[in-house]
Amino acid sequence: MIAASGPLAIVIGAVGVAVADGREAEFYPAGVMADELARLESESPRWVWWSKATAASMLAWSRSRPGWAGVLLGLAVAAKFYPLLLLGPLFLLCLRSARLRAFWVTVAGAAGAWLVVNVPVYLANPEGWKEFYTFSRER
């Protein structure tokens with residue numbers, strides 16, 4: 001079903017399976033979304049995948065999987081800071097509906113995923129790691 005191979009296709013496919021949680025009625029749409037996003041991954045510029053990880057995080061959130069939503073959002077933020085802006089409205093929604101625990105689980109997942117991606121890169125090449133953020137800020 002996955003049209004393209006690659007890390008994002010694997011992550012999205014795993015999330016599709018985790019989100020479906022064995023429910024047959026929901027597994028098919030999750031698989032179709034994973035397939036579509038993987039196909040788009042193979043046809044897009046290399047840095048556009050962060051938008052797909054953001055979309056997958058919203059899918060996970062809509063399926064009451066705040067931990068997975070956070071992990072995917074953290075991966076998206078590791079590539080671009082734009083997805084970080086989703087945390088503001090998410091906080092307000094959680095505050096209004098008294099779901100602050102789910103918000104903090106999402107934030108913890110995002111921070112953990114961001115650290116898992118960035119710490120090894122920083123330790124291996126601090127100047128190169130800083131250059132990405134300097135370049136992004138100056139654009």
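Me: Before anything else, axes here are lines fitted to C-alpha atoms, for helices over the stretch in contact, with angles running from 0 to 180 degrees between N-to-C directions; in this predicted model, how are H6 and H7 oriented to each other?

Reply: Helix H6, covering residues 100–124, packs with helix H7, covering residues 126–138, at an angle of about 125°, and their axes are 5 Å apart. Angles of 65 to 115 degrees count as roughly perpendicular and those over 145 as roughly antiparallel, so the relation of H6 to H7 is oblique.

Me: Which residues of H7 make the contact with H6?

Reply: On the H6 side, the contact is made by Trp 114, Asn 118, Val 121, Tyr 122, Leu 123 and Ala 124. By class, the residues in this contact of H6 with H7 are eight nonpolar, one polar and one charged. The H7 side consists of Pro 126, Trp 129, Lys 130 and Tyr 133.

Me: How much accessible area do Leu 92, Leu 95, Leu 100 and Trp 104 have together?

Reply: These four residues, of which Leu 100 lies in helix H6, form a nonpolar patch on the surface. Helix H5 (87–96) and H6 are the elements that give two or more residues to the patch. Together, Leu 92, Leu 95, Leu 100 and Trp 104 have an accessible area of about 410 Å².

Me: Where is Ala 98, which has a positive phi although it is not a glycine, found?

Reply: Ser 64, not a glycine either, has a positive phi of about 60°, and Ser 64 sits in the loop between helix H3 (49–62) and helix H4 (66–79). For Ala 98 the positive phi is about 55°, and the place of Ala 98 is the loop between H5 and H6.

Terms used:
Residues numbered from 1 in each chain as written. Predicted model: local features only at pLDDT ≥ 70, side-chain atom pairs only at ≥ 80, totals over all residues. Heavy atoms only, no water. Parallel < 35°, antiparallel > 145°, perpendicular 65-115°, else oblique. Contact = heavy atoms within 4.5 Å. Nonpolar A, V, L, I, M, F, W, Y, C, P; charged D, E, K, R; others polar. Patch = residues over 30% accessible without salt bridge, like charges linked within 9 Å, V, L, I, M, F, W, Y side chains within 5 Å. Areas by Shrake-Rupley, 256 points an atom, 1.4 Å probe, with all protein chains shown as cover. Salt bridge = Lys/Arg side-chain N within 4 Å of Asp/Glu carboxyl O.
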